[in-house]
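Here is a report on one protein model.

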Amino acid sequence: MNTYTGKKAVVLGGTHGMGLAVVERLREGGAEVLATGRSATDQHPDAVRADVTRPDEMDALGATVAERFGEFDLLHVNVGVASIQPFEEVTPEIYDRMFDVNARGAFFAVQRLAPMIRDGGSIVFTTSVTNGRGSATMSVYSGTKAAVRAFAKVLAAEFLPRRIRVNTVAPGFIDTPTMGFTDATAEERAAIMKLGDEVTPMRRHGTADEVARAVLFLGFDATFTTGIELPVDGGLGHVGD
Ligand SMILES: NC(=O)c1ccc[n+]([C@@H]2O[C@H](COP(=O)([O-])OP(=O)(O)OC[C@H]3O[C@@H](n4cnc5c(N)ncnc54)[C@H](OP(=O)(O)O)[C@@H]3O)[C@@H](O)[C@H]2O)c1
């Protein structure tokens with residue numbers, strides 16, 4: 001078990017799924033963590049409600065982080081929502097909602113919080129295996145995650161003078177309460193999981209903890225690595241079978 005004693009982290013989207021797995025690993029390792037979410041904070045009394053699409057809530061979050069931490073070591077930007085539809089069925093509302101949360105929300109969250117990241121700290125975004133392959137019915141979601149990867153690379157360059165490393169983790173099919181699809185029914189999620197197990201070269205889905213370990217590797221251990229996207233996808237984006 002790694003030790004994160006003395007470390008402080010902010011996890012945006014840390015109330016369930018992979019973000020919660022990161023929060024748990026950090027706390028087990030002795031870190032102080034401030035986790036955020038939008039709706040599930042009632043199940044996590046120590047989490048802070050902050051919707052990345054709401055500037056007022058992000059300003060309040062900034063004030064809370066400043067008061068509790070002053071400076072902190074790791075910002076994990078894990079927020080993301082997905083819905084699937086064929087290209088022809090995408091509406092401007094569907095497009096705006098996914099870009100609002102995944103791309104615009106992630107971008108301005110970092111702009112709000114980055115001044116408080118300690119020099120020499122790091123940022124880890126969550127993107128997706130969709131960045132490595134064209135996944136039918138996922139045009140908008142894929143566009144949002146490609147934008148996040150691009151943001152991460154540019155921020156890696158812009159934060160070099162502060163020695164803040166910026167990387168992304170790109171999960172494949174991972175077993176989380178939503179599978180990333182907030183509005184999907186239990187049956188739809190089971191079907192997504194089954195499909196994932198069939199198409200993934202390793203013939204299984206990943207766990208939230210497997211992604212958390214990759215996030216913490218990039219966040220703390222990969223001290224000579226910046227600007228990369230690390231796949232955690234059972235080979236889906238990279239290996240044929
Ligand atoms: N699961 C997969 O197979 C998979 C695969 C590839 C990529 N991903 C990506 O990995 C990340 C985590 O996925 P997951 O499956 O763990 O998802 P999840 O269980 O649905 O968790 C998403 C987190 O983001 C928060 N969130 C959602 N919208 C928000 C908003 N507007 N403002 C603030 N917080 C918000 C959620 O909190 P509340 O519910 O409390 O709002 C939750 O803590 C996402 O970026 C997703 O796109 C997932």
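The expected span of a helix is 1.5 Å times one less than its number of residues. Helices (H or I, at least four residues) and strands (E, at least two) are DSSP runs, numbered from the N terminus. The model is predicted: local features need pLDDT of at least 70, side-chain atom pairs count only at pLDDT 80 or more, and totals for chains, interfaces and linings use all residues. Residues are numbered from 1 along each chain as its sequence is written, and side-chain values use heavy atoms, with hydrogens and water left out.

**Helix α6**

Helix α6 (residues 208-221) has 14 residues. From first C-alpha to last, α6 reaches 19 Å, close to the 20 Å expected at 1.5 Å a residue. Buried means under 20% relative accessible area, exposed over 50%, and partly exposed in between (1.4 Å probe, protein chains only). Among the buried residues of α6 are Val211, Val215, Leu218 and Phe220.

**The sheet**

Two strands pair if DSSP finds at least two bridges between them. An open sheet of 7 strands has the order β3-β2-β1-β4-β5-β6-β9, with parallel pairing. β3 and β9 (229-232) stand at the edges, each with a single partner strand, so one side of each lacks a neighbour in the sheet.

| Pair | Bridges | Sense |
|---|---|---|
| β1 (residues 8-12) and β4 | 4 bridges | parallel |
| β4 and β5 (residues 117-126) | 5 bridges | parallel |
| β1 and β2 | 5 bridges | parallel |
| β2 and β3 (residues 48-49) | 2 bridges | parallel |

Take strand β4 (residues 72-77). 6 of its 6 residues are buried, so β4 is largely enclosed by the rest of the structure. Towards β5, Leu75 stands opposite Ile123. From β4 the chain crosses through helix α3 (residues 92-113) to β5, and this β-α-β crossover is right-handed. That term applies if, with the strands pointing away from the viewer, the path from the first strand over the helix to the second runs clockwise.

Strand β2 is also enclosed. 5 of the 6 residues of β2 are buried, so the rest of the structure largely encloses it. Leu12 stands opposite Thr36 in β2. Gly37 has Arg49 of β3 as its bridge partner. β1, α1 and β2 form a right-handed β-α-β unit.

**A loop glycine**

Is Gly134 buried or exposed? At 79% relative accessibility, Gly134 counts as exposed. Gly134 lies in the loop between β5 and α4. Its C-alpha is separated by 9.6 Å from that of Gly237, 103 residues apart along the chain.

**The largest pocket**

On a 1 Å grid over the protein atoms alone, a pocket is an open set of points where a 1.4 Å probe fits, with protein on both sides within 12 Å along at least five of seven lines; lining residues have an atom within 4 Å of a point. Grid points are joined across faces, edges and corners, and a volume is the space filled by probe spheres set on the points. The largest pocket holds about 1100 Å³ of space. Its lining has 50 residues, of which Gly80, Thr178, Met179, Gly180 and Phe181 lie nearest the centre. Elements that give two or more residues to this lining are α1 (17-28), β2 (32-37), α3, α4 (139-158) and α5 (186-199). The largest share, 4 residues, comes from α5. By type, the lining divides into 23 nonpolar, 22 polar and 5 charged residues. Here Ala, Val, Leu, Ile, Met, Phe, Trp, Tyr, Cys and Pro count as nonpolar, Asp, Glu, Lys and Arg as charged, and the others, Gly among them, as polar.
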